[in-house]
Amino acid sequence: MLPLESIPLEAIRRAVTRIAGGAIRTPLVRLEDSEAPAEIWLKLENLQPIGSFKLRGALNAMALASPQSLSNGVYTASAGNMAQGVAWSARQLGVACRVIVPERAPDTKLRAIERLGAEIIRVPFDEWWQTIIQHSYPGMTGLFIHPVSDPAVIAGNGTIGLEILEDLPDVDAVVVPYGGGGLSCGIASAVRALSPSTRVIACEVSTAAPFSASLAAGRATTVEYTPSFVDGIGGKSVLADMWPLARDLLGSSVVVTPSQVAGAIRLIAERARVVAEGAGAAALAAVRSGQAGTGRIVCIVSGGNIDPAAFAAILRGELPGGAPPRTE
């Protein structure tokens with residue numbers, strides 16, 4: 001696949017109209033945390049109808065698709081949240097939806113996909129990852145909605161950036177969880193166009209941090225992937241077609257541990273009274289670590305689709321699986 005070019009501001013603005021009535025304008029709320037080195041604001045994308053920001057990109061991409069291209073249905077590759085976004089959009093349009101998921105996809109997300117009427121196809125992680133790299137799955141028919149490197153998906157994600165700048169014009173930085181780069185690059189495209197002094201910082205979990213490794217290497221690179229409860233971000237590599245755009249728009253990545261993420265999940269629950277999944281709390285973990293700097297910082301709470309048992313363990317002060325968190 002060819003490397004993606006910049007996402008025009010006008011494409012993001014047009015997406016606002018397309019996704020209206022499906023995705024909601026989510027709240028931006030202040031988080032009181034006297035121990036943090038910054039003034040923290042939370043952009044609560046976990047309050048979307050599917051519990052994740054992914055609805056924005058899915059809606060925009062499918063609204064731009066022709067009726068002919070949708071005639072055989074749609075499919076995507078997703079660990080859970082993009083699958084729900086595509087399935088929700090497909091149900092609204094009355095078209096069939098199939099989802100390629102990795103074997104270790106959380107049951108909570110799989111049940112949500114099924115409730116939305118999509119067919120689930122479970123495959124080994126490497127096979128799932130190849131679907132994302134190749135933009136297709138052998139023998140599958142229908143329109144493939146890429147979870148990350150589709151300009152329409154990225155533009156839909158970029159509408160978050162517009163909302164942040166409208167609600168908090170003097171924001172110093174926005175910290176965004178990095179999975180494949182579609183969310184961070186969409187937000188950064190809007191922010192760079194309208195507020196170039198505002199930093200947009202990626203964040204990753206230490207069990208799978210390919211963007212940080214790629215920045216250090218100066219090229220898209222592969223890392224060792226270790227599964228964890230932080231399932232919404234992290235992969236084996238930075239997608240080659242996303243690398244030039246991500247490198248240009250972001251330039252830095254903060255890496256946090258699962259223990260730090262668990263602490264952020266607890267804090268969001270206790271202080272904001274909302275539920276964040278691992279990826280959704282990673283940005284707050286990054287800010288609280290001190291690595292994202294100071295000033296007025298927005299943390300993207302990208303989703304809230306966490307397994308109830310995992311969430312309960314974290315609230316008890318444990319890491320999912322029964323291990324107590326290490327002191328960081």
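Two strands count as paired if DSSP finds at least two bridges between them, where strands (E, at least two residues) and helices (H or I, at least four) are DSSP runs numbered from the N terminus. The model is predicted, so local features need pLDDT of at least 70 and side-chain atom pairs count only at pLDDT 80 or more, while totals for chains, interfaces and linings use all residues. Residues are numbered from 1 along each chain as its sequence is written, and side-chain values use heavy atoms, with hydrogens and water left out.

**Exercise 1.** Determine the order of the strands in the open sheet and the sense of their pairing.

*Solution.* Begin with β3, which pairs with β6 in the parallel sense over 2 bridges; there, V74 has L143 of β6 as its bridge partner. Next, β3 and β4 also pair in the parallel sense, over 4 bridges, and T76 has V99 of β4 as its bridge partner. The open sheet of 4 strands then reads β5-β4-β3-β6, with parallel pairing. Its edge strands are β5 and β6, each of which pairs on one side only.

**Exercise 2.** Explain why the buried residues of α5 line one face of the helix, and find what covers them.

*Solution.* First, list the buried residues of α5 (residues 125-134), which are F125, W128, W129, T131 and I132. Seen down the helix axis, these residues fall within an arc of 150°, so they line one face of α5; the arc is that of the directions from the helix axis to the C-beta atoms. Then look for contacts, meaning heavy atoms within 4.5 Å: the cover of these buried residues includes β3 (74-77), β4 (97-102), β5 (119-123) and β6 (143-144). Finally, follow the chain past α5 to H135, whose phi is positive, near 65°.

Methods:
Buried < 20%, exposed > 50% of the residue type's maximum accessible area, 1.4 Å probe, protein only.
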